[in-house]
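Subject: Structure handover

Hello,

Here is the structure I promised to pass on. Please open it beside this email and follow along.

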Amino acid sequence: VIGALKASNAGLDIVPAALLGMITGVGGGIARDVLANRVPVVLEGGWYATPALLGATWAAFAQGQGWSTAAVLLPGIAACFVWRALALHRDWSPRPARGIG
């Protein structure tokens with residue numbers, strides 16, 4: 001969410017700001033895991049990048065509408081956190097990708 005806000009403040013439109021927000025969230029998680037000497041969670045499967053994209057998309061959209069900081073941050077963070085927490089609690093995982101051909 002913070003990455004999307006920074007990108008929006010730099011003048012990017014919603015889509016690139018949301019993608020950069022997702023990338024900073026996933027990249028931060030990878031850095032955390034590498035520094036903790038663990039396998040990055042994003043490589044273990046499960047819902048990780050998609051909830052980050054949801055929160056970042058909300059933040060980029062709401063920032064573009066000129067809403068207050070609380071109206072931008074709180075729903076974006078909550079949406080990302082709730083989706084990820086439910087996925088972990090209920091053992092949700094995305095369907096595997098099909099091979100080409």
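A residue counts as buried under 20% relative accessible area, as exposed over 50%, and as partly exposed in between. Keep that in mind for Pro75. Its relative accessible area is 35%, so Pro75 is partly exposed. One caution before you go on: this is a predicted model.

**The whole chain**

The chain has 4 helices and 0 strands. From the N terminus, the order of elements is α-α-α-α. Along the principal axes, the C-alpha atoms fill a box of roughly 40 × 40 × 25 Å. The chain has 101 residues, and 27% of them are buried. Now take the contacts between residues at least 6 apart in sequence. Of these, 57% join residues at least 24 apart.

**Back to Pro75**

Find helix α4, residues 69-89; Pro75 lies in it. Which residues does Pro75 touch, leaving aside neighbours within four places in sequence? They are Trp58 and Ala70. Look at Gly55 too. Gly55 and Pro75 are 20 residues apart along the chain, yet their C-alpha atoms are separated by 7.7 Å.

**How α3 meets α4**

Two packed helices are described by the angle between their axes and the distance between the axes. For α3 and α4, the angle is about 165° and the axes are 8 Å apart. Are these helices roughly parallel or roughly antiparallel? Angles over 145 degrees count as roughly antiparallel. Therefore α3 and α4 are roughly antiparallel to each other. The crossing of α3 past α4 is right-handed.

Which residues make this contact?

- From α3: Thr50, Pro51, Ala52, Leu54, Gly55, Trp58, Ala59, Ala62 and Gln63.
- From α4: Ala71, Val72, Pro75, Gly76, Ala79, Cys80, Trp83 and Arg84.

Sorted by class, the contact of α3 with α4 holds 12 nonpolar, 4 polar and 1 charged residues. Pro75, Gly55 and Trp58 are among the residues of this contact.

**The aromatic rings**

A pair of aromatic rings is described by the distance of the centres and the angle of the planes. How many aromatic pairs are there in the whole structure? A search finds 4. One of them joins Trp58 and Phe61, with ring centres 6.0 Å apart and planes at 50°. Planes under 30 degrees apart count as stacked, over 60 as edge-to-face and the rest as tilted. So the pair of Trp58 and Phe61 is tilted.

Both residues lie in helix α3, residues 49-64. Trp58 and Phe61 are 3 residues apart there, about one turn of the helix. Phe61 also pairs with Trp67. That pair is edge-to-face, with 5.8 Å centre to centre and 85° between the planes. Together, Trp58, Phe61 and Trp67 form one aromatic cluster.

- Trp58 has a relative accessible area of 28%, so Trp58 is partly exposed.
- Phe61 comes to 33% relative accessibility, so Phe61 is partly exposed.
- Trp67 comes to 38% relative accessibility, so Trp67 is partly exposed.

**How α1 meets α2**

Now move to the start of the chain. Helix α1 covers residues 2-9, and helix α2 covers residues 14-35. Their axes come within 7 Å and cross at roughly 145°. The crossing of α1 past α2 is right-handed. On the α1 side, the contact is made by Gly3, Ala4, Ala7 and Ser8. On the α2 side, Ala17, Leu20, Gly21 and Thr24 take part. By class, the contact of α1 with α2 has 4 nonpolar, 4 polar and no charged residues.

**Two positive phi values**

Two residues remain. Asn37 sits in the loop between α2 and α3. Its phi is near 60°, a positive value in a residue other than glycine. Asn37 reaches 73% relative accessibility, so Asn37 counts as exposed.

Asp91 belongs to the segment after α4. Phi of Asp91 is near 55°, again positive in a residue other than glycine. With a relative accessible area of 67%, Asp91 is exposed.

Best wishes

Technical notes: Residues numbered from 1 in each chain as written. Predicted model: local features only at pLDDT ≥ 70, side-chain atom pairs only at ≥ 80, totals over all residues. Heavy atoms only, no water. Buried < 20%, exposed > 50% of the residue type's maximum accessible area, 1.4 Å probe, protein only. Contact = heavy atoms within 4.5 Å. Phe/Tyr/Trp six-rings, centres within 6.5 Å; stacked < 30°, edge-to-face > 60°. Axes fitted to C-alpha atoms, helices over the stretch in contact; angles between N-to-C directions. Parallel < 35°, antiparallel > 145°, perpendicular 65-115°, else oblique. Left-handed = near helix turned anticlockwise from the far one by under 90°. Nonpolar A, V, L, I, M, F, W, Y, C, P; charged D, E, K, R; others polar.
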